[in-house]
Amino acid sequence: MFIALHNPYITGTDGGSYRAYFKGNIPTLFHFSEYNHTYEIGYALLNSLAKTIHNDYFIFQLIYSFIAIFLLGLVLKKTKLADQEKLLLLFVYFCYRFFQNSMEFLRQNIAILLIWLAVLSISDYYQEKGKNKVKYVLTIVAWTFHRSAIFNLILLPLIERLKGIDAKKLVVITSLVSFGFLFLGNGVISKIVQFAIIIGGERYASYLISPGEVVLPINLIV
């Protein structure tokens with residue numbers, strides 16, 4: 001209720017951009033063909049649906065919050081973790097992502113939750129029932145909210161392979177990769193951003209690390 005009802009003007013810069021987008025760019029569903037393609041089609045449809053119900057950003061807040069909390073609940077349900085482990089997962093999520101995602105109504109929040117569901121769908125149940133395509137459907141839906149989600153079409157088969165590796169070996173592999181990112185630092189991040197610019201357009205150029213700019217090691221460690 002706090003997330004759904006909070007003052008949308010008390011947010012960061014992304015929140016302001018999304019609010020302006022709702023007010024000035026997005027039409028109702030009846031005129032959706034006139035849509036200004038500032039953001040992905042799924043996020044646009046969500047805005048358009050809210051505007052069709054009532055031209056007030058508060059309605060969008062309600063719909064967005066319901067979807068985000070519902071998806072988070074599904075993730076927790078499908079993890080098959082013990083209750084204490086679910087609490088730890090929630091604690092980490094609330095510490096690092098929940099408030100930034102939800103206070104600003106970030107479109108990548110819904111995309112991330114859908115990708116988590118896609119990862120969780122890689123299980124014996126889906127393999128046996130011939131529903132292996134579920135993870136790809138969820139990835140495509142996530143892509144309609146944030147185009148970066150499309151990279152998971154490559155990562156999901158990799159995760160499927162990793163599930164067959166011994167857990168102790170996975171700890172070693174992920175630790176090495178993590179420390180690799182830590183020590184390679186700015187160079188790796190710049191390469192990733194440059195690739196994002198090729199895929200997603202010049203608007204990602206703002207994420208490039210400027211000459212002389214230093215990324216604090218604590219950010220990479222976290």
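Predicted model: local features only at pLDDT ≥ 70, side-chain atom pairs only at ≥ 80, totals over all residues.
Glu 40 is buried, with a relative accessible area of 6%, where buried stands for under 20% relative accessible area, exposed for over 50% and partly exposed for what lies in between, using a 1.4 Å probe and protein chains only. Residues are numbered from 1 along each chain as its sequence is written, and side-chain values use heavy atoms, with hydrogens and water left out.

The side chains of Glu 40 and Arg 107 meet in a salt bridge with 2.7 Å from N to O, the term being used for a side-chain nitrogen of Lys or Arg within 4 Å of a carboxyl oxygen of Asp or Glu. Glu 40 lies in the loop between α2 (13-24) and α3, while Arg 107 belongs to helix α6 (residues 107-120), so the pair ties together parts that are 67 residues apart in sequence. Helices here are DSSP runs of H or I with at least four residues, strands are runs of E with at least two, and both are numbered from the N terminus. Arg 107 also counts as buried, at 5% relative accessibility.

Glu 40 forms a salt bridge with Arg 147 as well, and in this pair the closest N and O atoms are 3.3 Å apart. Here too distant parts of the chain are linked, since Arg 147 sits in the loop between α8 (134-143) and α9 (152-162), 107 residues from Glu 40. Arg 147 is partly exposed, with a relative accessible area of 26%. Through shared partners, the salt bridges join Glu 40, Arg 107 and Arg 147 into one network, and the count of salt bridges by this rule comes to two.

Among contacts with a separation of 6 or more, 58% are between residues 24 or more positions apart, a contact being heavy atoms within 4.5 Å.

Aromatic side chains form a further theme, and a search of the whole structure finds 20 aromatic pairs. Rings of Phe, Tyr and Trp (its six-membered ring) pair if their centres lie within 6.5 Å, and planes under 30 degrees apart count as stacked, over 60 as edge-to-face and the rest as tilted. Tyr 64 and Phe 105 form an edge-to-face pair, with 5.3 Å from centre to centre and 90 degrees between the planes. This pair links distant parts of the chain, with Tyr 64 in helix α4 (residues 57-78) and Phe 105 in the loop between α5 and α6, 41 residues apart. Both Tyr 64 and Phe 105 are buried, and both belong to one aromatic cluster whose members include Tyr 39 and Tyr 43.

Phe 94 and Phe 98, by contrast, form a stacked pair, 4.3 Å from centre to centre with 25 degrees between the planes. Being four residues apart in helix α5, they are separated by about one helical turn. Phe 94 counts as partly exposed at 32% relative accessibility, whereas Phe 98 is buried, with a relative accessible area of 7%.

Helix α5 (residues 83-103) also holds Ser 102, which counts as buried at 2% relative accessibility. Leaving aside residues up to four places away in sequence, Ser 102 touches Ile 3, His 6, Tyr 64 and Asn 109.

Leu 45 lies in helix α3 (residues 41-53) and is partly exposed, with a relative accessible area of 38%.

As for confidence, the chain averages a pLDDT of 82, and 88% of the residues score at least 70; pLDDT is the predictor's confidence in each residue, from 0 to 100. Among the elements of the chain, α3 has the highest mean pLDDT (93), and helix α7 (residues 124-128) the lowest (53).
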